[in-house]
Amino acid sequence: MENITGREHLHQQNLNMVLQQIFNNQTISRIEISRQLNLNKSTVSALYNELDEKGYLKEVGSGESTSVGGRKPVLVKINEHYGYTISFDLGFRHLHVMGNYINGKVFFYQRIELGNRDIHEIVKMIDEQIERSIHNDDTRHGLLGIGFSIHGIVLNNHITNSPFIDMKDIDLADRYSAVYHVPVILENEANLSAIYERDFNSARDKNNILAVSIHKGIGAGIILNKQLYRGRNGEAGEIGRSLMFTNNVDTKRYSKVEDFCSEDAIIEQVEQRTNRTNLNRDDLVQMNTKGNQIVQEELDNFSSSIAKVIYNVAISFAPEEIYLNSPLIEAIPDLLNSILHYNELLGMQTPVSLTPHSGYATLLGCCSEITHQVLKMENYDLSFQVAE
């Protein structure tokens with residue numbers, strides 16, 4: 001019995017490696033797979049045929065024949081219409097929704113204003129989005145998995161702390177797995193931003209990176225040896241809760257980092273100094289463009305504070321690169337130049353990059369997590385070819 005189990009395990013491992021080769025290349029032939037994996041041609045052909053019968057593959061033409069002639073090899077890629085996943089980012093102000101084919105290609109994205117809706121109303125909106133995706137589905141196997149990007153702490157696929165949305169009695173994983181009978185994953189949004197950098201973006205060849213997410217709060221996603229590090233109780237990367245000594249005219253005290261250099265903290269400080277209310281990121285951008293001195297002073301304070309935060313995490317974790325996921329910095333690119341200038345003054349050597357299309361990053365990271373689980377390839381590196 002053990003012998004059979006061993007053979008089955010080896011077969012599944014080889015099957016996964018062949019699928020990984022096809023997934024991680026735009027197009028590839030059986031002969032190239034055989035070379036890459038050092039498996040004989042007959043073994044690769046049998047595994048190829050098994051994947052083809054399951055609908056994972058799509059033949060896309062012929063490659064070049066060898067120098068001695070012979071039949072041209074058939075080129076194959078992942079069949080994007082095998083099925084799809086749907087992901088949700090539960091932000092404080094917006095619900096972001098994305099649909100992805102199995103290869104990561106985006107076929108749907110929407111941002112929905114939440115206003116003052118509670119979690120029960122938000123769940124109804126999520127239900128509507130899923131049902132609409134099922135109604136419009138044109139894939140072979142339909143909905144494969146559902147993912148949620150959470151602005152809070154997640155442990156064992158359940159939310160343990162949600163500072164911005166009261167989850168009340170809603171357990172997203174249990175609810176949606178019971179209704180749709182597909183894998184459902186929940187993950188912290190900063191962690192998903194780091195996964196996006198690893199699997200979709202420029203960090204594919206790096207082993208150790210940090211993704212610093214600057215929104216209503218501040219968090220860090222940590223990739224160590226290409227694996228997501230969650231820490232005790234899923235609390236790794238909660239850098240917004242770190243303490244920083246503040247010294248002003250009125251008081252000397254310790255404050256949480258996110259209390260004075262998150263995006264919301266900057267907005268609040270501008271509101272206090274300008275006697276205005278209900279400002280948002282777009283207002284800051286416009287006021288900065290018009291040369292508002294108060295806004296520019298607060299943005300300079302933001303840049304210097306974030307530079308110190310980045311310096312501290314760089315010293316603590318020594319990553320190969322740090323990525324900033326910040327819609328505010330993306331909207332005002334000069335902020336990145338200021339941060340890099342401050343980091344240079346501090347003597348920091350770690351490269352710092354801005355995550356492009358920051359609104360998509362957590363959803364694409366979510367897509368990667370679900371896809372790994374759907375394919376039962378959690379421990380395999382998958383490089384998604386199509387981010388947009």
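This briefing walks through the pockets and the cavity of the structure above. The model is predicted, so please note that local features need pLDDT of at least 70 and side-chain atom pairs count only at pLDDT 80 or more, while totals for chains, interfaces and linings use all residues. Residues are numbered from 1 along each chain as its sequence is written, and side-chain values use heavy atoms, with hydrogens and water left out.

**Largest pocket**
- About 890 Å³ of space lies in the largest pocket; a pocket is an open set of points on a 1 Å grid over the protein atoms alone, with protein on both sides within 12 Å along at least five of seven lines.
- A volume is the space filled by probe spheres set on the points, which are joined across faces, edges and corners.
- Its lining has 36 residues, with Arg93, His94, His96, Arg111 and Arg281 closest to the centre; lining residues have an atom within 4 Å of a point.
- By class, 14 of these are charged, 13 polar and 9 nonpolar (Ala, Val, Leu, Ile, Met, Phe, Trp, Tyr, Cys and Pro are nonpolar, Asp, Glu, Lys and Arg charged, the others, Gly among them, polar).

**Second largest pocket**
- This pocket has a volume of about 550 Å³.
- Ile195, Arg198, Arg230, Glu369 and Glu378 lie nearest its centre, among 28 lining residues.
- The lining comprises 10 charged, 9 polar and 9 nonpolar residues.

**Cavity**
- The structure holds 1 cavity of 30 Å³ or more; a cavity is a set of points where a 1.4 Å probe fits but cannot get out.
- The largest cavity has a volume of about 60 Å³, and residues including Leu90, Phe92, His151 and Met167 line it.
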